[in-house]
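Subject: Structure handover

Hello,

Here is the structure I promised you. Please open it beside this email and follow along.

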Amino acid sequence: MGLSLGIFDSDVQYSSHLMGYIKRRHKTIKKIRIFTNKTILYDYLLDNHIDVLLISEDKLDEGIEHNNIGHICILSEETYVSEDSDEKIIYKFQSAEQIIIDLFEFFPEL
């Protein structure tokens, strides 16, 4: 099958660039979808599964929880990450390649 990835971010330009890079460089990721609001995301999740949802910090207050999401990883605008946090956090404004490397370090089973 292949890995499915969702990007939940209000910055469509950022999400589109990240999606384009991933499509070109990482063939193991078969499905990539961009979501800008919770309603569209939840409509998609009715019939589809997302292995990893990358969610920007500004969307965290929307309380995303769904059985069809395997893992959630936060795209942070800050470079500081708390050592005692259980959340998976990736710095948003680094290279797309480094984002993918970090993602697979967090979830090696993928």
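**What was found**

S4 counts as buried, at 7% relative accessibility. Keep in mind that this is a predicted model. S4 sits in strand β1. Leaving aside residues up to four places away in sequence, S4 touches K31, H49, I50, D51 and V52.

**The sheet**

Start with the strands. Strands of a sheet pair through backbone hydrogen bonds, either parallel or antiparallel. Which is it here? The pairing is parallel. Five strands form an open sheet, and their order is β2-β1-β3-β4-β5. At the edges are β2 and β5, and each of them pairs on one side only. From one strand to the next, the twist averages 25°.

Look at one pair in more detail. β3 and β4 are joined in the parallel sense over six bridges. L54 has its bridge partner in β4, and that partner is C73.

**The helices across it**

α1 lies across β1, β2, β3 and β4. Its direction is at about 175° to β2. Helix α2 covers residues 38-45 and also lies across β1, β2, β3 and β4. α2 runs at about 145° to β2.

**The nonpolar cores**

How many residues are in the largest nonpolar core? The count is 20. Five residues have the most contacts inside this core: L5, L18, I22, L54 and L103. Several elements each supply at least two residues: β1 (3-8), α1 (12-25), β2 (29-35), β3, β4 and α3 (96-106). Which one gives the most? That is α1, with five residues.

L18 touches I7, L54, A96 and I99, not counting residues up to four places away in sequence. There is also a second, separate core of twelve residues. Among its members are L45, L53, I64 and I89.

**The salt bridges**

The structure holds three salt bridges. Take K92 and D9 to begin with. Their closest N and O atoms are 2.7 Å apart. K92 lies in the loop between β5 (89-91) and α3, while D9 lies in the loop between β1 and α1, so this pair ties together parts that are 83 residues apart in sequence. Are these two residues buried or exposed? K92 is buried, with a relative accessible area of 2%. D9 is buried too, with a relative accessible area of 1%. The cut-off for buried is under 20%, so both values qualify.

K92 has another salt bridge, with E77. Here the closest N and O atoms are 4.0 Å apart. This pair links distant parts of the chain, 15 residues apart. K92 is in the loop between β5 and α3, and E77 is in the loop between β4 and β5. E77 counts as partly exposed, at 44% relative accessibility. Salt bridges that share partners join D9, E77 and K92 into one network.

The side chains of E62 and K59 also meet in a salt bridge, at 3.4 Å from N to O. E62 is partly exposed, with a relative accessible area of 26%. K59 counts as buried, at 9% relative accessibility.

**A loop residue to check**

Where is N68? Its place is in the loop between β3 (50-56) and β4 (69-76). N68 is partly exposed, with a relative accessible area of 23%. N68 touches L45, L46, N48, H49 and I50, not counting residues up to four places away in sequence. One more distance goes with this residue. The C-alpha atoms of N68 and F107 are separated by 17 Å, and the two residues are 39 apart along the chain.

**Where to look again**

Then go to K92 and trace the network that joins K92 with D9 and E77.

Best wishes

Key:
Residues numbered from 1 in each chain as written. Predicted model: local features only at pLDDT ≥ 70, side-chain atom pairs only at ≥ 80, totals over all residues. Heavy atoms only, no water. Helix = DSSP H or I, 4+ residues; strand = E, 2+ residues; numbered from the N terminus. Buried < 20%, exposed > 50% of the residue type's maximum accessible area, 1.4 Å probe, protein only. Contact = heavy atoms within 4.5 Å. Core = buried A, V, L, I, M, F, W, Y, C linked by side-chain atoms within 4.5 Å. Pairing = 2+ DSSP bridges. Axes fitted to C-alpha atoms, helices over the stretch in contact; angles between N-to-C directions.
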